[in-house]
Protein chains: 2
Amino acid sequence: MAIRKLLLLLKPIDPYPFLQTEGASLIKNPQVLQYLESRCKVHKNAIKFCQEILSKKPVEWKPISRNDLSHPIRDVDMVITVGGDGTLLHASHFIDDSVPVLGVNSDPTQAHEVEELSDQFDASRSTGHLCAATVENFEQVLDDILFGRVVPAKVSRISLKLNSETLLSHALNDILIAQPCPAAVSRFSFKIKNKDGASSPKTVNCRSSGLRICTAAGSTAAMQSAGGFVMPMLSRDLQFMVREPISPGSTASLMHSTFKPDQFMDVNWYSDHGTIYIDGCQVQHSVQLGDTIEISSDAPVLNVFLSHGISQIRSRY
Amino acid sequence: MAIRKLLLLLKPIDPYPFLQTEGASLIKNPQVLQYLESRCKVHKNAIKFCQEILSKKPVEWKPISRNDLSHPIRDVDMVITVGGDGTLLHASHFIDDSVPVLGVNSDPTQAHEVEELSDQFDASRSTGHLCAATVENFEQVLDDILFGRVVPAKVSRISLKLNSETLLSHALNDILIAQPCPAAVSRFSFKIKNKDGASSPKTVNCRSSGLRICTAAGSTAAMQSAGGFVMPMLSRDLQFMVREPISPGSTASLMHSTFKPDQFMDVNWYSDHGTIYIDGCQVQHSVQLGDTIEISSDAPVLNVFLSHGISQIRSRY
């Protein structure tokens, strides 16, 4: 299928609104201000650059800010996000498996910069783990796509049912189910069940800081920071971790593992309050005492053009 | 100094208000309801028992609910809390180093019950780590105190300065500094400084799920669940852990350690929002971009009667 109609989804040009308010005065270190202003400039230039390249190609494209997205994206052949993983994550919540997406990391982290300023502040920029392009290779990657030389990878997403009702949002990276107060204890139990109902699983009871579940794509994000392991990008397994379990005792070995696509997790929530966070703080659903949550990889995949490091079949798309 | 005037601080008699509302219908498993109702009953009986014992002793005492506490506790010789560690923690925020406190664990966890119901739900009750008494030994412990046979331990607490202003609240267990959304990334840097200014410490930059710092008393609570170690109860060191650090790289070894009473920690907060949680969700202070937070063990100690397992000097109090 030829790719002719594109949506260009942009991280806001001014990601640090506080810089225009008294916020700027709160920052005592002038180098922090320079770093933030440079981030805005580099991002702005990357948008300009991508638009110039697109204007030379046999495509129609329309730019919008990610903050203006409110409806599922349907009538385009591809979405290009310009920003970091956050912008691609944001876009993924408006895309099913019918529209492929290419991420452009507009402001990649510069290792030397992080090293030089390490004694002052964290000068990291965008990691862009899911972004196949930067301004360096954008035209090459775009041509590969437009001329059918590469196909998108089918990246697994998390599907959720709350009290047996399927939620519209799918998670590309991860979900966290926890009390809304970061310092509160969450009470819940979970079971891993086979879809064919073959076995009767053990109930695992937990008092902890919440339950985190990630996809392969999300295994390098919060899960890895919490001590989880990186999964092959195209794996359809889901990895879970009970966060900071209180006295797990004999169930300690059950606090962190994976489950297969032919399995799902059943959670019973026992705290008064709770929230399901989908891909960070972007999408949230409240839960309450007695709610059941079913978690599986039954969500529609996201078709993502991944960087060449990941094996991609060379066949007609 | 003779102990004659006591304040009896009580965990609310009905800690599960939702049981009186439609909440009860949300709980499908009748054994969960029985467990919750039993907890209320055992707690109520413990209060009645303690009051009967106190009525036989040469003391004046006044009972109040912990929820009715609003001012520092001054004009009493001792506070007795009846509940769990949560009630003692709550009381500690109204007590300086002039009034000793005795905790009575009104509803201790029953190991056999947790084991029997483990495949259904978590039937643990109160841990009571800081509580020296239960109904089993309350009269004996009370007599030991009234007749001066035991003295309270001096338990360290955390002192906080926000932008150089000392906060009134001290932490008996721990503090967590994090974005208010549990799934958000917190950006901050910290340094451990010597009070005598002898050395110029390294700045450690962090992107993570927040910063947790605990006292010795708090080292068996959230810190241990997060992978920290238990400290000797009377240690005046503070233990800190950067929670779920993102790509710590060469600073990985600096993410979890302790600092001495002659040191303090300086934190620079770089996220738009943030909250200091003191001893769980009970006490909270907002922080914003550019704020500085100074953390030390300079707070007034809490004088707590600890269980006999902890060495106590047998000297006149």
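Reader: What is the handedness of the crossing where helix 2 of chain B passes helix 5 of chain B?
Author: Happy to start there, and please keep in mind that this model is predicted. The axes of helix 2 (residues 30–55) and helix 5 (residues 138–146) of chain B come within 10 Å. Helix 2 of chain B passes helix 5 of chain B in a crossing that is right-handed.

Reader: Which residues of helix 5 of chain B make the contact with helix 2 of chain B?
Author: Helix 2 of chain B brings B:Phe49, B:Cys50, B:Ile53 and B:Leu54 to the contact. By class, the contact has 6 nonpolar, no polar and 1 charged residues. From helix 5 of chain B come B:Phe138, B:Glu139 and B:Leu142.

Reader: Turning to chain A, why are helix 2 and helix 5 of chain A described as they are, oblique to each other?
Author: Good question! Angles under 35 degrees count as roughly parallel and 65 to 115 as roughly perpendicular. The axes of helix 2 (residues 30–55) and helix 5 (residues 138–146) of chain A cross at roughly 40°. Helix 2 and helix 5 of chain A are therefore oblique.

Reader: How many charged residues are in the contact of helix 2 of chain A with helix 5 of chain A?
Author: Helix 2 of chain A contributes A:Phe49, A:Cys50, A:Ile53 and A:Leu54, while helix 5 of chain A contributes A:Phe138, A:Glu139 and A:Leu142. Glu counts as charged. The contact divides into 6 nonpolar residues, no polar ones and, as charged residues, 1.

Reader: What is the volume of the second largest cavity?
Author: The structure holds 2 cavities of 30 Å³ or more. The second largest cavity is lined by residues including A:Pro182, B:Cys181 and B:Pro182. Its volume is about 30 Å³.

Reader: And how many residues in the lining of the second largest cavity are charged?
Author: Among the lining residues are A:Arg243 and B:Arg243, and Arg counts as charged. The lining also has 5 nonpolar and 3 polar residues. The charged residues of the lining number 2.

Conventions:
Residues are numbered from 1 along each chain as its sequence is written. Chains are lettered from A and ligands numbered from 1 in the order in which they are written. This is a predicted model: local features need pLDDT of at least 70, side-chain atom pairs count only at pLDDT 80 or more; totals for chains, interfaces and linings use all residues. Side-chain values use heavy atoms; hydrogens and water are left out. Axes are lines fitted to C-alpha atoms, for helices over the stretch in contact, and angles run from 0 to 180 degrees between N-to-C directions. Helices (H or I, at least four residues) and strands (E, at least two) are DSSP runs, numbered from the N terminus. Angles under 35 degrees count as roughly parallel, over 145 as roughly antiparallel, 65 to 115 as roughly perpendicular and the rest as oblique. Contact means heavy atoms within 4.5 Å. On a 1 Å grid over the protein atoms alone, a cavity is a set of points where a 1.4 Å probe fits but cannot get out, and a pocket is an open set with protein on both sides within 12 Å along at least five of seven lines; lining residues have an atom within 4 Å of a point. Grid points are joined across faces, edges and corners, and a volume is the space filled by probe spheres set on the points. A crossing is left-handed if the near helix is turned anticlockwise from the far one by less than a right angle, and right-handed if clockwise.
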